[in-house]
Amino acid sequence: MKVIAMCNQKGGVGKTTLTRELGCYLAHAGERVLLIDSDGQANLTRSFFENEPERGLYEAILDG
Ligand SMILES: Nc1ncnc2c1ncn2[C@@H]1O[C@H](COP(=O)(O)OP(=O)(O)OP(=O)(O)O)[C@@H](O)[C@H]1O
Ligand SMILES: [Mg+2]
């Protein structure tokens, strides 16, 4: 298993977009991909579930 962490302290530099596109590319290439969105904004999660309630990793942990 390979783990790729995407992090940069600067805002708006494409972290979420690149994470999503890289994950989709690898999945289409036949890799099994799990995207873990630890950003409190949960933008990556919402990009896949646009009509779902706003729930990120923090809400999932706090709500059990
Ligand atoms: N390669 C690119 N070319 C042009 N625009 C891009 C590119 N990558 C990202 N963007 C745009 O730049 C903006 C910021 O991208 P993104 O949300 O991925 O950044 P971020 O680093 O995750 O931001 P944040 O710090 O708020 O989490 C978005 O509007 C996105 O569509
Ligand atoms: Mg982001």
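View 1. You'll find Gln41 in the loop between α1 and α2. Helices here are DSSP runs of H or I with at least four residues, strands are E runs of at least two, and both are numbered from the N terminus. Now look across to Arg20: 21 residues separate Gln41 and Arg20 along the chain, and their C-alpha atoms sit 15 Å apart.

A quick note before the other views: this is a predicted model, where local features need pLDDT of at least 70 and side-chain atom pairs count only at pLDDT 80 or more, while totals for chains, interfaces and linings use all residues. Residues are numbered from 1 along each chain as its sequence is written, chains are lettered from A and ligands numbered from 1 in the order in which they are written, and side-chain values use heavy atoms, leaving out hydrogens and water.

**View 2. The shell around ligand 1.** Which residues surround ligand 1? They are Gly11, Gly12, Val13, Gly14, Lys15, Thr16, Thr17, Asp39 and Gln41, where being near means having a heavy atom within 4 Å. Sorted by class, this shell holds one nonpolar, six polar and two charged residues. For that sorting, Ala, Val, Leu, Ile, Met, Phe, Trp, Tyr, Cys and Pro are nonpolar, Asp, Glu, Lys and Arg are charged, and the others, Gly among them, are polar.

View 3. Start with Thr17, which has a polar side-chain atom 2.6 Å from an oxygen atom of ligand 1. With Gly14 it's a polar backbone atom that lies 3.0 Å from an oxygen of ligand 1. A polar contact is a pair of N or O atoms within 3.5 Å. On its own ligand 1 exposes 630 Å², and the protein buries 45% of that; such areas come from the Shrake-Rupley method with a 1.4 Å probe.

**View 4. Ala42 and its backbone angle.** Ala42 sits in the loop between α1 (15-28) and α2 (43-48). Its phi is positive, about 55°, even though Ala42 isn't a glycine. Is Ala42 buried or exposed? With 1% relative accessibility, Ala42 counts as buried.

**View 5. Helix α1 from end to end.** After α1 comes Gly30, with a positive phi near 100°.

**View 6. Thr19 and its neighbours.** Thr19 belongs to helix α1 and counts as buried because its relative accessibility is 17%. Leaving aside residues up to four places away in sequence, Thr19 touches Met6, Leu35 and Leu44; a contact means heavy atoms within 4.5 Å.

View 7. The chain has three helices and zero strands. Buried residues make up 9% of its 64 residues.

Key: Polar contact = N/O pair within 3.5 Å; in protein donor to acceptor, adjacent residues only side chain to side chain. Buried < 20%, exposed > 50% of the residue type's maximum accessible area, 1.4 Å probe, protein only.
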